[in-house]
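Subject: Structure for your review

Dear colleague,

Please find the structure below, together with its sequence.

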Amino acid sequence: GAGTGHAAALQRYATRLRTHGVRLVAAVRNYTAAEGLLNLGVAILQAPLWPGVWLTAEQRKRASSANMADTLAEAGLMNEAAFIDVMRQWDEIITAVRPDLVVGDYAPAIALMARGRIPLILTGNGFTLPPSEMASFPPLHDFAPPRWNEDVVLTAVNKMARSTGAQPLDRLTQMFAADARIVESFAILDPYDRHRVEPIDGPIFDAPPSPRRADADGVVVYLAPGVAIHRDI
């Protein structure tokens, strides 16, 4: 996908906002995913790239998806030197664009830099937009326990926040706090369904979904290249 799903979600908001004469600037991970935004006349910027593959080959073999803290830590949040660069690049984009509103889809780094500074809306599906009121990130499966100590990750994030002028966090889940949040998911597919205190908004469709065929018996599963198929599938 290379960010295609996130860009498509932002395109739906851009389609509505442009009818109000709003100046639209999108920072995206991958230019090829932004074709729909370009067709709407949205100015496109390169989003800062997370450090990505920074663990050793042996550490990557033990990579964890047990909770969101593990996911963020291993995506680069615990590579402090590199992640400070990501935060500073977002600060430069904010300073250059001078937005009146930031809309982020699975973009916790710009959320860190914008919070308390610019009105912030976060959008995403149930997985990418966890409840920010939780004291900590719960386990998402029982295949393996979490690898990263959340307090250690929080300490690192707050150290980086102080060095870049961002607001420190009280808890790591606060990375997903915002002035408004739009959770685009069905409750039955929301991994945080039992933890939410606010109702979710449901998915946004470009057109009404087609009715299910009487003989429908298939499900499409979207996986990244190289992901091992689970034994139950």
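In which helix does Thr164 lie? Thr164 lies in helix α7, where helices (H or I, at least four residues) and strands (E, at least two) are DSSP runs, numbered from the N terminus. Please note that this is a predicted model, in which local features need pLDDT of at least 70 and side-chain atom pairs count only at pLDDT 80 or more, whereas totals for chains, interfaces and linings use all residues. Residues are numbered from 1 along each chain as its sequence is written, and side-chain values use heavy atoms, with hydrogens and water left out.

Surroundings of Thr164

With a relative accessibility of 14%, Thr164 counts as buried (buried means under 20% relative accessible area, exposed over 50%, and partly exposed in between, with a 1.4 Å probe and protein chains only). Leaving aside residues up to four places away in sequence, Thr164 touches Ile84, Met87, Arg88 and Met113 (contact means heavy atoms within 4.5 Å).

Helices α4 and α7

The axes of α4 (residues 68-77) and α7 (residues 150-164) come within 11 Å and cross at roughly 45 degrees. Axes here are lines fitted to C-alpha atoms, for helices over the stretch in contact, and angles run from 0 to 180 degrees between N-to-C directions. The two helices are therefore oblique to each other (under 35 degrees counts as roughly parallel, over 145 as roughly antiparallel, 65 to 115 as roughly perpendicular, and the rest as oblique). On the α4 side, the contact is made by Ala69, Ala73 and Leu77, and on the α7 side by Glu150, Val153, Val157 and Met160. These residues divide into 6 nonpolar, no polar and 1 charged.

Helix α4 is mostly covered, with 8 of its 10 residues buried. Among the buried residues are Met68, Asp70, Leu72 and Glu74. The cover over the buried residues of α4 includes α5, α6 and α7.

Aromatic pairs

The whole structure holds 3 aromatic pairs (rings of Phe, Tyr and Trp, the last by its six-membered ring, pair if their centres lie within 6.5 Å; planes under 30 degrees apart count as stacked, over 60 as edge-to-face and the rest as tilted). One of them joins Tyr106 and Phe127, whose ring centres are 6.3 Å apart and whose planes stand at 65 degrees, so the pair is edge-to-face. Tyr106 is in the loop between β3 (102-105) and α6 (108-114) and Phe127 in the loop between β4 (120-124) and α7, so the pair ties together parts 21 residues apart in sequence. Tyr106 is partly exposed at 28% relative accessible area, and Phe127 is partly exposed at 31%.

Another pair is formed by Phe137 and Phe176, with centres 6.1 Å apart and planes at 85 degrees, so this pair is also edge-to-face. Phe137 is in the loop between β4 and α7 and Phe176 in the loop between α7 and β5 (180-183), 39 residues apart. Phe137 is buried at 4% relative accessible area, and Phe176 is buried at 2%.

Backbone angles

Arg98 has a positive phi of about 55 degrees although it is not a glycine. This residue, Arg98, is in the loop between α5 (80-97) and β3 and is exposed, at 66% relative accessible area. Tyr106 likewise has a positive phi, near 50 degrees, and is a residue other than glycine.

Yours sincerely

How values were computed. Nonpolar A, V, L, I, M, F, W, Y, C, P; charged D, E, K, R; others polar.
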